[in-house]
Structure formats: structure tokens, C-alpha cells
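Look at the fold below.

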Amino acid sequence: MHIRFTHQTSPEAAGAAIAEQFEAGVPYVHAQGLPFAELESGLQADYVRRASQAIGKVTLGSDAPDSDVWRLDRDTDPMMCAIPFRTDNAFYETPERFIGLWCVQSAAIGGENRLLAVDDLLNYGGSASVCRNLIEEAGKIPVTFTDGKHRATAPILDLDAGTTRFSRAHVIKEDADLAGRFSSLLATDIERLSSVVRLQPGEALLYDNHRMFYGRRSYSYRDRLALRTRILDLSTARP
């Protein structure tokens, strides 16, 4: 879903409009024309924070009170390699529902965001027995994800709960076989089902972390800059 805003759009108005789309069942929103990229650094974070808070409760990335908005630049996010399909914070008992990426400076080459809807994966799997069997396994067999003090166990595709969680890098070795086969499935021609979103300055991508797999293509420009937020759920949004 694409939404175009004007340079006069307040962060609260932008967040409310994006929240309305999620409430209507849209799995991701590509917001365009927002003015935050033209602001000074501190004001950029403030705009993104207020817009995200208008969607739902924004979570912290660390013990620092201002870590609810993360600056992804050459110092804090130096990895320019591709990111395979995954969901965010799979090792949390309750992973955040929505993830926001707010572009201040895009990469000159590469860096496109990729989104794969769980529903598209399920429909694709219905046409091939190998895929169908693997998807059934992923929906029944619990997998454990860990990171530091965090540990969570659940099926990759928990259709009863309506959630998806997957990050091969955080799977314990006992579950590595299923995780590896599922990761291989996502890396095959299933990729053609994904949506590709290349963000320009002043654009944002927000997606449902429970219904989408996220990936990113590699890029080759170190001055790429984005701000990132995690939003717990719409249930704590506007009064």
C-alpha cells in the first residue's frame, strides 16, 4: 500500500493515516513525501518518534531512553551485505508487531527492501508437495530462538496465533535442520513472490512483523542513512 503525504503533514497525522491502513488489514505501507529527511538530525528523530507513537507503543532498543529511534549509518549499521528473509526479534516472547524504516539518505546502488507475505508463501506451497510438507512442519514443530538473555520457542508459522517468527542466525543447533531447510525455501524461486521497495529520502516503509518476512539486498554506498522504529502493537495506539 502506497500513501503519499505533503510536506505540511504533521508526524501525528502521518502516523494516524498509517495506523488506519494497518487496522484495515494492509500488511505493509510505503509512505512517500514526508518532510522528516529535510530536518536537522535531532528533529528527524523527533518526527519519526512522534509519527511512530501515533501508530502504537514504540519499544526501546537498549536501556537508553532515546533508543526508541535508531540511527542506521556507517557506524551503527556497517553491514552492507544482503539480509536474508527473516522476522524481527524472533527470540522475544512477544516480538513487536510493526517495524518502521525511515529513509534519510538512500544507497546509490542496491539496498532495496524485500517483503514476502506469509499468505503468498502458503499459497505457493499449496502447489508443490515438497514446499507444502515443509510448510506443514514449520507450522507444527516448535523452534527455539535465542539471543543473550532472550529465548523463545514457537513454530515458525504459528497459524493459530496468527504470528510468524524466523531468524536462522538465532536458532539453536538442535533446530538447525528445520531452520536450514526453511531458509533454503525462502532463498529459492519463492523470492519472485516478494515485493521490492526502494526508499528515497523522505519515504518510510512500515510492515507487519507478524505477517511478513523482511529481507534487504546488498548495497555499496556507505553514506546510506535510515532511522528505525519498532512498534509493539496497534492496541496501545491513539485514545
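## A helix pair

Helix α4 (residues 129–140) and helix α5 (residues 176–187) have axes that come within 11 Å and cross at roughly 130°. That makes α4 oblique to α5. Oblique covers what is left after roughly parallel (under 35 degrees), roughly antiparallel (over 145) and roughly perpendicular (65 to 115). Axes are lines fitted to C-alpha atoms, for helices over the stretch in contact, and angles run from 0 to 180 degrees between N-to-C directions. Helices (H or I, at least four residues) and strands (E, at least two) are DSSP runs, numbered from the N terminus.

Which residues of α4 meet α5? They are Cys131, Leu134, Ile135, Glu137 and Ala138, and in α5 they meet Leu178, Arg181, Phe182 and Leu185. Contact means heavy atoms within 4.5 Å.

## The sheet

Four strands form an open, antiparallel sheet, in the order β4-β13-β6-β11. Strands β4 (83–86) and β11 (195–197) stand at the edges with a single partner strand each, so one side of each has no neighbour in the sheet. Neighbouring strands are turned by 15° against each other on average, direction ignored.

Strand β6 (residues 113–117) pairs with β13 (residues 212–216) over five bridges, in the antiparallel sense. Pairing requires that DSSP finds at least two bridges between two strands. Leu115 has Tyr214 in β13 as its bridge partner.

## About the model

This is a predicted model: local features need pLDDT of at least 70, side-chain atom pairs count only at pLDDT 80 or more, and totals for chains, interfaces and linings use all residues. Residues are numbered from 1 along each chain as its sequence is written, and side-chain values use heavy atoms, leaving out hydrogens and water.
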